[in-house]
Amino acid sequence: MARQEGVSQNELIEHAIEGDMVMRGRLLAADLQAAASRLGQLSDEAYGDVVARSMRDFAEGEGRPEPLQSFALHSDVGRGPAHGAPQQPAGQEQAGVLAAFRTGHR
């Protein structure tokens, strides 16, 4: 497809991502406007309940472990014995682009 368009694959990917981000931004803006409208229609008591629940949920979440633990990709620290690959933190699966990349290069 990039060849047909006369652009590099990177440029084609960048344009696709840019279009996706613009669309997501528009959807997010619409969602935010709808939420602001709903909040504007709440009574003072109901609004207070929403704020209190939000603060409680935030405080509870702060006490939980991070869902994704970071690890160095380009460091000797944390590398496993086989193939020098970074070790995945216990209980976590590889996901996304890095997993696809690693799967294709084994």
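## Salt bridge and nonpolar patch

Trainee: How many salt bridges does a search of the whole structure find?
Mentor: One, from a search of the whole structure. Keep in mind that this is a predicted model.

Trainee: Which side chains meet in it?
Mentor: Asp20 and Arg24, with an N to O distance of 2.7 Å.

Trainee: And where do Asp20 and Arg24 lie?
Mentor: Both are in helix α2, which covers residues 9–40. They are four residues apart, about one turn of the helix. As a general point, side chains of opposite charge can pair when their charged atoms come close.

Trainee: Is Arg24 buried or exposed?
Mentor: Arg24 is exposed, because its relative accessible area is 51% and the cut-off for exposed is over 50%.

Trainee: What about Asp20, how does that count?
Mentor: Asp20 has 35% relative accessibility, so it counts as partly exposed.

Trainee: Changing topic. Which residues make the nonpolar surface patch?
Mentor: Leu39, Leu42, Tyr47, Val51 and Met55 make a patch of about 430 Å².

Trainee: Which helix gives the largest share of the patch?
Mentor: Helix α3, residues 44–62, with three residues. Val51 is found in that helix.

Trainee: Why does Val51 count as partly exposed?
Mentor: Its relative accessibility is 32%, and partly exposed means between the 20% limit for buried and the 50% limit for exposed.

Trainee: Now the whole chain. How many helices and strands are there?
Mentor: Four helices and zero strands. Along the sequence the pattern reads α-α-α-α.

Trainee: What share of the residues counts as buried?
Mentor: Of the 106 residues in the protein chain, 6% do. The accessible surface comes to about 9500 Å², and 56% of that belongs to carbon and sulfur atoms.

Trainee: Last one, on contacts. Of those between residues at least 6 apart in sequence, what share joins residues at least 24 apart?
Mentor: In the protein chain, that share is 16%.

Conventions. Residues are numbered from 1 along each chain as its sequence is written. This is a predicted model: local features need pLDDT of at least 70, side-chain atom pairs count only at pLDDT 80 or more; totals for chains, interfaces and linings use all residues. Side-chain values use heavy atoms; hydrogens and water are left out. Patches are made of residues with over 30% relative accessible area and no salt bridge: like charges are joined within 9 Å, nonpolar side chains (Val, Leu, Ile, Met, Phe, Trp, Tyr) within 5 Å. Accessible areas come from the Shrake-Rupley method with a 1.4 Å probe; for residues, only the protein chains shown count as cover. A salt bridge is a side-chain nitrogen of Lys or Arg within 4 Å of a carboxyl oxygen of Asp or Glu. Helices (H or I, at least four residues) and strands (E, at least two) are DSSP runs, numbered from the N terminus. Buried means under 20% relative accessible area, exposed over 50%, partly exposed in between (1.4 Å probe, protein chains only). Contact means heavy atoms within 4.5 Å.
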